[in-house]
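Student: I have a new structure to look at and would like to go through it with you. Could you show it to me?

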Amino acid sequence: MKFVAFEREKQGTGASRRLRITGRTPGIVYGGAVEALQIEIDHNELWHALKKEAFHATVLDMEMNGVVSKVLLRDVQMHPFKQLILHTDFQRVDATTKLHMKVPLHFSGDENSPAVKTDNCVANHVMTEIEVLCLPTDLPEFIAVDLSGLKKNTSLHLADIKLPKGVTAVARGSNKNPVLVSVVLVAGAEIAAPVVAAPAAGKGGKAAPKKK
């Protein structure tokens, strides 16, 4: 994806406030061997770009003064209650340096799995994104995960999914193979309907009267 940025001359809280009034959002581009660059971006264009998944998970083309640079979106600061973007952080991308990035998972096929189709289960998406390590040219927009093989009483772990070439999954903490999808039985699916006993019949096929 491509977006247009402009070099920001004035800095400080007051300057940023005045910039937002004009419909621009302040930002910064850091990383690499050069100094951090103060930028500004059209707020409306940035607002619509942020609604697209690819803007958060792919290498972006930032055009400024006719020159295109490769960057990654690293942080977005939003107003606590207004629909207003306060600030954005971007990181320069070096084509020869591997980067850490969170990539969304796109699940499909669970409705055709034995767990869902025949065993009254549902697929619970425990994680919707994973962190990966790869070169910028290998960074995927998303990772497709096929759930058609899910079975009852099973889970899908990180090690079970196939990653694109050149991409390595990064697991944080002590659990190096976290659960991505768990199979959960629908509540009440295995509970048998209660059996209502028929009243005992007396002589002549009639129900015996209750004793007083």
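Tutor: Let us begin with a definition: buried means under 20% relative accessible area, exposed over 50%, and partly exposed in between (1.4 Å probe, protein chains only). Helices (H or I, at least four residues) and strands (E, at least two) are DSSP runs, numbered from the N terminus. This is a predicted model, in which local features need pLDDT of at least 70, side-chain atom pairs count only at pLDDT 80 or more, and totals for chains, interfaces and linings use all residues. Residues are numbered from 1 along each chain as its sequence is written, and side-chain values use heavy atoms, with hydrogens and water left out.

Student: How many helices and strands does the protein have?

Tutor: The protein has four helices and 14 strands. Of its 212 residues, 33% are buried.

Student: Which residues of α1 are buried?

Tutor: In helix α1, residues 13-21, the buried ones are Ala 15, Ser 16 and Leu 19. They sit on the same side of α1, because they cover an arc of only 100 degrees around the axis; the arc is that of the directions from the helix axis to the C-beta atoms.

Student: Why do residues three or four places apart point the same way in an α-helix?

Tutor: An α-helix has 3.6 residues a turn, so residues three or four places apart point the same way.

Student: What does the face of α1 turned away from its buried side carry?

Tutor: That face carries the exposed residues Thr 13, Arg 18 and Ile 21. The buried residues of α1, in turn, pack against β3 (24-30) and β4 (37-42), where contact means heavy atoms within 4.5 Å. Just after α1, Gly 23 takes a positive phi of about 90 degrees.

Student: On to α2. Which of its residues are buried?

Tutor: Helix α2 covers residues 43-50, and its buried residues are His 43, Leu 46, Ala 49 and Leu 50. Their arc around the axis is only 130 degrees, which puts them on the same side of α2. The face turned away from that side carries the exposed residues Asn 44 and Glu 45.

Student: What do the buried residues of α2 pack against?

Tutor: They pack against several elements, including β3, β4 and α3 (53-57).

Student: Which residue caps the N-terminal end of α2?

Tutor: Asp 42 does: one of its side-chain oxygens lies 3.2 Å from the backbone nitrogen of Asn 44.

Student: Changing topic, how many salt bridges does the structure hold?

Tutor: The structure holds four salt bridges, each being a side-chain nitrogen of Lys or Arg within 4 Å of a carboxyl oxygen of Asp or Glu. In one of them, the side chains of Lys 2 and Glu 63 meet at 2.9 Å, N to O. This pair links distant parts of the chain, with Lys 2 in strand β1 (residues 2-4) and Glu 63 in strand β5 (residues 60-64), 61 residues apart.

Student: Are those two exposed, partly exposed or buried?

Tutor: Lys 2 is exposed, with a relative accessible area of 53%, whereas Glu 63 is partly exposed, at 24%.

Student: What about Glu 131 and Arg 172?

Tutor: Their side chains also meet in a salt bridge, at 2.7 Å, N to O. Glu 131 lies in strand β10 (residues 129-134) and Arg 172 in the loop between β13 (168-170) and β14, 41 residues apart. Glu 131 counts as buried because its relative accessibility is 15%, while Arg 172 is exposed, at 57%.

Methods: A polar contact is a pair of N or O atoms within 3.5 Å; within protein, one must be able to donate a hydrogen and the other to accept it, and residues adjacent in sequence count only if both atoms are side-chain atoms.
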